[in-house]
Amino acid sequence: MYEPFICAEALLQRASEHLHELDDRVSRLAAGQGSTPYTQIDPVSGDIAFKVKFNTPITAFTVVVFDAINEMRSALDYAVYDAASVLSNIPEPTGTKFPFGDKAADILLDFKRNKPPIQCEPIGELIRDFIQPYQGGSGDSLWRLNKLRNRSVHRILEYSYIAPKSIGLGGAGKATMTNLSMVNEWHAEENAFTFMRASSFEGELEGDISLEITFTPNSEFPSQFARNILWDILPLAKDAVERIKRETARLQT
């Protein structure tokens with residue numbers, strides 16, 4: 001016999017496992033495994049470009065992020081589906097979805113958009129009033145997650161990229177440079193990025209470069225560390241599922 005909410009909870013557990021996998025991958029990257037720092041003369045500007053090249057394609061990180069995003073987002077839909085099934089006594093209800101909106105007034109409109117069973121309407125009100133998955137609500141991060149997921153389905157490779165966290169220069173002697181500027185320029189064709197430029201440089205580039213995975217600047221979480229953001233969202237998704245589960249039980253009594 002099917003147990004309500006078990007799929008939503010299983011998806012959130014799987015999202016947690018993917019985030020642990022992401023932590024492990026980024027930790028190995030930060031330890032210098034699979035990356036090589038080097039310098040290169042820019043043929044256009046003549047600058048000395050300080051770069052890091054990666055042995056592993058960026059997609060190795062992106063697919064893990066993509067999985068975690070989809071699992072958290074899908075868990076919310078499964079929770080509403082199960083609530084509708086329990087409250088309406090319909091084994092396979094149609095028209096259900098976890099609603100989102102740019103403002104609070106949009107939540108019930110989105111919830112009712114596909115005509116779910118009328119018995120589950122209190123779940124929509126719960127989501128609007130207590131989970132608040134709209135811009136500026138307490139569930140603002142869930143609203144952003146939904147937008148990110150909708151976009152990354154089409155162009156996932158733009159949504160995670162590698163950025164410097166801290167940089168060390170030097171070597172056996174002193175390092176000297178002029179016109180230093182910090183940049184973040186991803187070169188997909190080289191599987192590398194430029195993190196610094198200088199018009200002149202003497203010394204050695206050390207391997208003391210700490211790295212992180214960030215969302216791209218034009219995403220819903222611009223230039224923020226992906227694993228930090230997703231770990232913050234996971235308890236929000238768990239709380240949403242638990243609230244829907246408890247309200248369903250209350251409405252049954």
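Buried means under 20% relative accessible area, exposed over 50%, and partly exposed in between, with a 1.4 Å probe and protein chains only. This is a predicted model, in which local features need pLDDT of at least 70 and side-chain atom pairs count only at pLDDT 80 or more, while totals for chains, interfaces and linings use all residues. Residues are numbered from 1 along each chain as its sequence is written, and side-chain values use heavy atoms, with hydrogens and water left out.

**View 1. Overall fold of the protein.** The protein has 6 helices and 8 strands, where helices (H or I, at least four residues) and strands (E, at least two) are DSSP runs numbered from the N terminus. Their order from the N terminus is α-β-β-α-α-α-α-β-β-β-β-β-β-α. Of the 253 residues, 47% count as buried. The accessible surface comes to about 12500 Å², and 51% of this belongs to carbon and sulfur atoms; areas come from the Shrake-Rupley method with a 1.4 Å probe, and for residues only the protein chains shown count as cover. Contact means heavy atoms within 4.5 Å. Among contacts between residues at least 6 apart in sequence, 67% join residues at least 24 apart.

**View 2. The largest nonpolar core around Met72.** A nonpolar core is a set of buried Ala, Val, Leu, Ile, Met, Phe, Trp, Tyr and Cys residues joined through side-chain atoms within 4.5 Å. The largest one has 58 residues, and those with the most contacts inside it are Met72, Ile127, Phe215, Leu230 and Ile244. Helix 2 (residues 59-88) supplies the largest share of this core, 13 residues. Not counting residues up to four places away in sequence, Met72 touches Leu12, Ala15, Leu145, Leu230, Ile233, Leu234 and Ala237.

**View 3. Helix 4 and the residue that follows.** The buried residues of helix 4 (residues 121-131) include Ile123, Gly124, Leu126, Ile127 and Ile131. Seen down the helix axis, the buried residues of helix 4 fall within an arc of 160°, so they line one face of the helix; the arc is that of the directions from the helix axis to the C-beta atoms. Just after helix 4, Gln132 takes a positive phi of about 55°, although Gln132 is not a glycine. Gln132 belongs to the loop between helix 4 and helix 5 (140-155).

View 4. Most residues other than glycine have a negative phi. Asn89 is not a glycine, yet has a positive phi of about 60°. Asn89 lies in the loop between helix 2 and helix 3 (106-111). With 67% relative accessibility, Asn89 counts as exposed.

View 5. A salt bridge is a side-chain nitrogen of Lys or Arg within 4 Å of a carboxyl oxygen of Asp or Glu. By this rule the count comes to 20 salt bridges. One of them joins the side chains of Glu9 and Lys245 (3.0 Å, N to O). Glu9 lies in helix 1 and Lys245 in helix 6 (residues 226-252), so the pair ties together parts that are 236 residues apart in sequence. Glu9 is partly exposed at 32% relative accessibility, and Lys245 is partly exposed at 29%. Asp24 forms a salt bridge with Arg28, with the closest N and O atoms 2.9 Å apart. Asp24 and Arg28 are 4 residues apart in helix 1, a separation of about one helical turn. Asp24 is partly exposed at 40% relative accessibility, as is Arg28 at 37%.

**View 6. The network of Asp42, Asp47, Glu185 and Arg197.** Arg197 forms a salt bridge with Asp47, and the closest N and O atoms are 4.0 Å apart. Arg197 lies in strand 6 (residues 192-198) and Asp47 in the loop between strand 1 (35-41) and strand 2 (48-54), so the pair ties together parts that are 150 residues apart in sequence. Arg197 is buried, with a relative accessible area of 13%, whereas Asp47 is partly exposed at 23%. Salt bridges that share partners join Asp42, Asp47, Glu185 and Arg197 into one network.

**View 7. His187 in strand 5.** His187 is found in strand 5 (residues 181-187). His187 is buried, with a relative accessible area of 14%. Leaving aside neighbours within four places in sequence, His187 is in contact with Lys51, Ala192, Phe193 and Thr194.
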